[in-house]
Number of protein chains: 2
Amino acid sequence: MSLPPLSLSILGVEPLDEFIKEVADFIHHTIMKRPPEYPTGKVEVEAKIGVLRERGGNNRLFLPVLVETILRPDVECRFESNMQPQQHKHFNGLLNKLKITSSQPGYASSTPLEYSHLYLVDSFYPSESSESRDRIRVTRDEKTGNVIETMKKIRLGDLNVYSPQRGADWRISVNLEVPVQHPLGSAMHTRRKDRLSYTHEEFIIDLTQVTSTAGGNHEVLHELEVEIARPELLLATAAKRGDPNASEHERSAFDELIRAFVNNARILVRNSEPSG
Amino acid sequence: MSLPPLSLSILGVEPLDEFIKEVADFIHHTIMKRPPEYPTGKVEVEAKIGVLRERGGNNRLFLPVLVETILRPDVECRFESNMQPQQHKHFNGLLNKLKITSSQPGYASSTPLEYSHLYLVDSFYPSESSESRDRIRVTRDEKTGNVIETMKKIRLGDLNVYSPQRGADWRISVNLEVPVQHPLGSAMHTRRKDRLSYTHEEFIIDLTQVTSTAGGNHEVLHELEVEIARPELLLATAAKRGDPNASEHERSAFDELIRAFVNNARILVRNSEPSG
């Protein structure tokens, strides 16, 4: 007895994917309502892989659900953008392997990954205005000492994703990176970033070992982020989302971009090793 | 500026769908571990559309999540297989419309729906053994009085799905319907079922108005269920799931059947009207 061919559903289509729709709505809303006083600000959309922890405790957050889900913004928790060194190493192996196989002639599943190894130093300065909490970050190439970027990052919104079956949770963040003048005075603290940066189509995957130094103390964090590579493309597609005067391709481009972004974050989380 | 064609992900594939995998694992496990003492039992897998309520209260269950998710079995709640009459009417309109459009020549999205209107009467009797809690159900055609089925239903397991964006939640149930002798004595109570039964490929969608009578009291419930139509096909595909000696088609048939089953339940829930 064998299964005859099945339609996707009684309507012949897949049901709406609530998860991806929710992420797309959140990012779209956050982008369109961004504060107008920073016209030079660059919109950054990223997914960080880490762990959601109870506020005021060190336990991983617990909710009585069996599958990955998006938390309401009022859930009390904090996100730790960090993983165990062996998890980081596991991702490094995975991405390097993918870089090699995707570059081989005849590989048809996807576009090749590009790769670069960056050594960066961030120095943090107090904001120019005493009312603002937004610190200024100066990023230098560690080897040459050349300044790559001087900016302050303004957090616009976060969405937390709880992933009970995996060794990691994730957080989607929308920020505004505003270029500023190089600050005077001395840095409050610095951090060194040893970053493996993989580029695939419209996405950048950064695997970074961050060593922070403040008051003589060192802290090492292992971060993994997926970022939308071209803010100008993101904004162009967001502006046409659902526009009845745009072509079908233009109207749906934003949701397609977000779908691939969510798929990439999920692929990484699904492939994370258990922590601890 | 327009979006270039994107791969599904860095791996070129969609990430594993955790939700559908969890449902398939649950149903597979429940079927394979079913009690062997009922060899004549028919396996019933159904999704009921209704509302999850707090145990001991009448409020709809609340969890701090934004999208549909599967509850852990230890969440204290009860499932009410009922909806508002106007929600029921809405589904009736939707399914009738789909029946008409799907039967028109040139309709390509899916297979036509079949339809029948059933008037049934269930009578419930105590179980033959005094230890057993399983009542015996005798189902008759209301018009002719002919007995259609005499059986006891043994509940094997449930999975609750919380759907915070919609007017309804849902529950997946796996039961064993065991044929038994017609009981002696008189029925404890009866219920009348006015059922619109739609068949689409391997699924039956039952929209039923149930009028229960016990001790002179009447209660009317409005139910909606999706059921896998052929238990023997379900068991045949379950037996071959992941079998390395089976063909690729046979190995994946169970998961394909469950995917279409979940899609159909979701399409219904997504199209439910707000209650109240």
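Residues are numbered from 1 along each chain as its sequence is written, while chains are lettered from A and ligands numbered from 1 in the order in which they are written. Because the model is predicted, local features need pLDDT of at least 70 and side-chain atom pairs count only at pLDDT 80 or more, whereas totals for chains, interfaces and linings use all residues; side-chain values use heavy atoms, with hydrogens and water left out.

**Chain A as a whole**

Chain A holds 4 helices and 10 strands, where helices (H or I, at least four residues) and strands (E, at least two) are DSSP runs numbered from the N terminus. Along the sequence these elements follow the pattern α-β-β-β-α-β-β-β-β-β-β-β-α-α. The C-alpha trace of chain A spans about 75 × 50 × 45 Å along its principal axes. Its radius of gyration is 20 Å, which agrees with the value near 19 Å that a compact globule of 276 residues would have; the radius is taken over C-alpha atoms, and the globule rule is 2.2 Å times the number of residues to the power 0.38. Of the 276 residues of chain A, 50% count as buried, a term that means under 20% relative accessible area, with exposed meaning over 50% and partly exposed lying in between (1.4 Å probe, protein chains only). Among contacts in chain A between residues at least 6 apart in sequence, 65% join residues at least 24 apart, contact meaning heavy atoms within 4.5 Å.

**How the two copies are related**

Strand 1 (residues 42-54) of chain A includes A:I49, which is buried, with a relative accessible area of 0%. Leaving aside neighbours within four places in sequence, the contacts of A:I49 include A:F79, A:W170, A:L224 and A:L268. A:I49 and A:H222, although 173 residues apart in sequence, are 9.9 Å apart in space, C-alpha to C-alpha.

Strand 1 of chain A runs antiparallel to strand 3 of chain A, and 4 bridges join them; two strands pair if DSSP finds at least two bridges between them. Within this pairing, A:R53 stands opposite A:R78 in strand 3. In a regular strand the side chains alternate between the two faces of the sheet. Strand 3 (residues 77-80) of chain A has a covered face, A:C77 and A:F79, and an uncovered one, A:R78 and A:E80.

**Aromatic rings and a charge**

Rings of Phe, Tyr and Trp (its six-membered ring) pair if their centres lie within 6.5 Å, and planes under 30 degrees apart count as stacked, over 60 as edge-to-face and the rest as tilted.

| Pair | Centre to centre | Angle between planes |
|---|---|---|
| A:F203 and A:F261 | 6.4 Å | 20° |
| B:F203 and B:F261 | 6.4 Å | 20° |

In chain A the pair links distant parts of the chain, with A:F203 in strand 9 (residues 203-214) and A:F261 in helix 4 (residues 248-270), 58 residues apart. A:F203 is buried, with a relative accessible area of 2%, and A:F261 is buried as well, at 0%.

The charged end of A:R135 sits over the ring of A:F124, 4.2 Å from its centre, and in chain B the charged end of B:R135 sits over the ring of B:F124, 4.2 Å from its centre. A charge sits over a ring if NZ of Lys or CZ of Arg is within 6 Å of the ring centre and within 35 degrees of the ring normal.

**Helix 1 of chain B**

B:T30 lies in helix 1 (residues 18-32) of chain B and is buried, with a relative accessible area of 11%. B:K21 is also found in helix 1 of chain B, but counts as partly exposed at 35% relative accessibility.
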